[in-house]
Amino acid sequence: MTVLLFLIPTVIAPAALFLAAQAAPGPGRVTITYVTFPLLLLIWVVADHLRRSRRG
Amino acid sequence: MMITVFVAYLLVVLVVGVISARYGRSPEGYFLADRKLGAWVTAISATASSESGWLVIGLVGEAYIYGAKAVWTAHGVLLGFVTNWVFVAPRLRAQSRRLDAVTIPDFLAARFRDQGNVIRFVGVLVVVAALMGYVAAQFTATGKAFQGAFGIPYQAGVLIGAAITILYTMVGGFRAVAWTDLVQGILMVFGLVILPLVTLADAGVGRDLFTRLGETEPRIEGVFEVTRGSRIEVIGVEETPVTLPGEGLILVRQDLDDGGHDFVVQGPAFVLDGRGLAGSSEIRVGSELRVAETTIAFTKVIEMEGGPDLADPFGGEVGLALLGWVIGLFGIGLGYPGQPQVVTRFMAASSAATIRRGRVIAIVWGVLALYGAILLGHAARLALPDLVDPEQAYPMLAAELLPPLVAGLVLAAIVSAMMSTADSQLLVVASAVARDLVEKGYSVRTGTWWFARITDDPDEARRRAERLGARLRSDRVLTWISRLSVVTLGLLALGVALGEVRAVFWFVLFAWSGLGAAFGPPVILSLYWSRTSWAGCLSGMVTGVVVTVWWKLSLKAVIANATGLSLYELVPAFGLSMLATWLVSLAVPDTAEEERAAAALIEAGEDAG
C-alpha cells in the first residue's frame, strides 16, 4: 500500500500528465502542461492538510 | 538607492545571526536549533536552501532559451518537494528525534547501529566531497552576482558574500541559517512573482503570451565578447553544436569540402565568429587559452534541435529523445530526499503539526517561485529578444523596470538565493565534521575515538580516548568545535572560490545527483521498511555514488549514441541504489532483535504526518 501511495505522485501522475499533454492538440497542450500538474498538487496538499487538521 | 537597500538587507541578515547566537549552546542547539523550528521557518528555509542561484538565474535562462519546454523542470522540482514533504519529512522528524540524530550520516548510523562507524564515515565522505565544492561554487556565484548587480569587482564580491555568510553561520548556527533563509526565501519569491508581472505588463503581453511565444524565432543570435585578459578553457570536442549553457569552450568539428576538417570554437552556446581560431588543430581539449591581444567577439547561436515552436511543451522532441528529456527533468525531483541541507530542516521541526503546516507553505512557495521563474523567462524572451546572456534576464529586467527601492530588494533576492544555499551547505559540512567525525567518531567495539587510535600502544590509545572523551562530552567545547569547523571549512571554500580551483568545482557536477542517489534510497527505505539492513544501506550509498559518476562520465554518452535516449544520471543511480539497498537487505539481514527495534521505531513515527 505504501509503495502504491509513493508511486501515485512520483510515477503515475507525471506519466498521466505526459500522456495527456501528448494527446492534447495546440493550446490545450499548453493548458494541460502548465496548469493541471501544479493545480492538482495544490488542491491535493490543501485538502490533505484540512482533512488531517479536522481529524486532529 | 539600490545599494542602500542591499546593504540594509545584509545588515538584517547579520542581525538575525547575532540574535540567534543567544540560543543553541549545545550541538543539538547549534545544528538543529534545539528541534524547535516553526512551520514557516521549516518550510521556507528547506525550499530556499535547496534552490540556490539556479532558480533565479538558471531556470529563468532555461525558460528564455527553450520556451515552454522548460516547464518540465518546474514540474520535476515540485515533485521533489512533494516527495520530501509527504514521504520523508514526517517520519524523518519523528525517527531522528527518537534516535537523537543530528545529521543524515548520524541518523543512518544510529538507525543501523553502525558500531564500526562505516556508514557514518562513508556518509561524511560523500557529504564533504559533494558539498565543499558546492559551497565554493555558491561563493563564486555570489561574487558574480555582486559584480553583475552593483559593479563590485568579482574578488571583492566573493569576499563580502563569503565573510557575511561565514560570520552569521558561525555565530548563530542552524537557527541563524534557518531564519536568514526565511528572509531570503521570501525575497526570492517576492522577486519571482513581481518581476514577471511587471515585465509582461511593460511588454504589453497578456493572454496572448503563448501565441506570441510561438511566433518568436527560436534561434538566438547575438554577440558575446571575451575581453582581453580573460581565460577560456577548451572542455570538449563535439560532432554537433552543444546548445546548453555551461563552462568553458567546446570545439565543434566541421568537415570541409576538400576532405579536411576544421574546428569552430564554441563557447557555452557561442560560436566563434570568423576563423581566428578555426582551423587550428593545435587546440586540444583541456587546453587553456588566454585572450592576450584583443577582445574576441563570438556570434552566439542557441538553437533548439527540432524545436521550431517555443510555445510547444515538447519543443519538437519525439521518441526516446523526448522520453529521456521528460524523465530526466522529472528525475531532478528524485534528488531532494538525499540532500542533507534540506532534510535536516525536517529533523529540526518542532512537531508533527509543524510538518503538516510546513508542507502546505512549501508547496505554495514552490508553485509561486518555480512557475514565476518560468513565466519570467518567457516574458523576458518577448521583452528582451536579443539578450546576449539569457541568464542575466532577471537582474537586467529588475534594474530596468522596477523603482530603485524594489529593484534593490529584487536584486538582493539573487544574492539571497546563493547565500541561503551556501550557509546551509556550509553548516551541513561542518556538522559532518564536528558531530560525525569528532563527537561520534567513537567505536563502541574498540572503545576509542578514531583519531585516538593513531598509536600502536592500546593502553595509550585508551588513555587518550578517555581524556578526549571527558573534554568532548562538554556541550560548550562541542559547540566551539562546531563553530571552528564552520570557520575553517568556510575559509577553505573561500580560498577555492578566490583561486578558482577548478579541480574542486569538478565535484559540483556530481553534487546534486551524488547526494540524491547516495542518501535518498537508504533514507526512504529505512524510514518505511524495518528489514532494511546495515549492509543494504551501505550498498545503496556506494551504488548511488558509483553509478552517478560512471553514468555521467561514460555510460550516458554510450547509451545516447546507441539509442538516442539521453538520461539524467540521477534517474538510473537512484533506481539502482534503491535496488541495491533492497536486495542486499534481503540477502544480508540484520539480527532479529535489530529488525524488531527498527519496526518499533517505524511504528512510533507512523502517524507523525
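B:Trp72 is buried, as its relative accessible area is 0%; buried means under 20% relative accessible area, exposed over 50% and partly exposed in between, with a 1.4 Å probe and protein chains only. The model is a predicted one, in which local features need pLDDT of at least 70 and side-chain atom pairs count only at pLDDT 80 or more, while totals for chains, interfaces and linings use all residues. Residues are numbered from 1 along each chain as its sequence is written, chains are lettered from A and ligands numbered from 1 in the order in which they are written, and side-chain values use heavy atoms, with hydrogens and water left out.

Another buried residue is B:Phe314, with a relative accessible area of 3%. What aromatic cluster do A:Phe18, B:Trp72 and B:Phe314 form? The three belong to one cluster. Over all chains, the structure holds eight aromatic pairs; rings of Phe, Tyr and Trp (its six-membered ring) pair if their centres lie within 6.5 Å, and planes under 30 degrees apart count as stacked, over 60 as edge-to-face and the rest as tilted. For B:Trp72 and B:Phe314 the ring centres are 5.6 Å apart and the planes are at 25°, so this pair is stacked. B:Trp72 lies in helix α4 (residues 71-99) of chain B and B:Phe314 in the loop between β7 (296-302) and α9 (319-331) of chain B, so the pair links parts of the chain 242 residues apart. Helices (H or I, at least four residues) and strands (E, at least two) are DSSP runs, numbered from the N terminus.

B:Tyr336 and B:Trp512 make an edge-to-face pair, at 4.8 Å centre to centre and 80° between the planes. B:Tyr336 is in the loop between α9 and α10 (340-348) of chain B and B:Trp512 is in helix α17 (residues 508-528) of chain B, so the pair ties together parts 176 residues apart in sequence. Both residues are buried.

Elsewhere in chain B, B:Ser424 is in helix α13 (residues 404-439) and counts as buried at 1% relative accessibility. Beyond its neighbours within four places in sequence, B:Ser424 is in contact (heavy atoms within 4.5 Å) with B:Ser49, B:Val177, B:Asp181, B:Gln341 and B:Arg345. In helix α12 (residues 393-401) of chain B, the buried residues are B:Ala393, B:Tyr394, B:Pro395, B:Leu397 and B:Ala398. These pack against α3 (39-66), α7 (154-203), α11 (352-383) and α13 of chain B.

Most residues other than glycine have a negative phi. B:Ala33, in the loop between α2 (27-32) and α3 of chain B, has a positive phi near 50° and is buried at 1% relative accessible area. B:Asp100, in the loop between α4 and α5 (104-111) of chain B, has a positive phi of about 60° and is partly exposed at 41% relative accessibility.

Now the interface. Chain A brings 24 residues to the contact and chain B 33 residues. The buried area, which is the accessible area (1.4 Å probe) that two parts lose on being put together, summed over both, is about 2,500 Å² between chain A and chain B, with carbon and sulfur atoms giving 83%. In chain A, the residues that lose the most area to chain B are A:Phe6, A:Phe18 and A:Tyr34, together 24% of what that side buries.

The rule finds two salt bridges across this interface, a salt bridge being a side-chain nitrogen of Lys or Arg within 4 Å of a carboxyl oxygen of Asp or Glu. One of them joins B:Asp312 and A:Arg29, whose closest N and O atoms are 3.1 Å apart. On the side of chain A that touches chain B, α1 (2-23) and α2 (26-55) of chain A each supply at least two residues, and the largest share, 14 residues, comes from α2(A).
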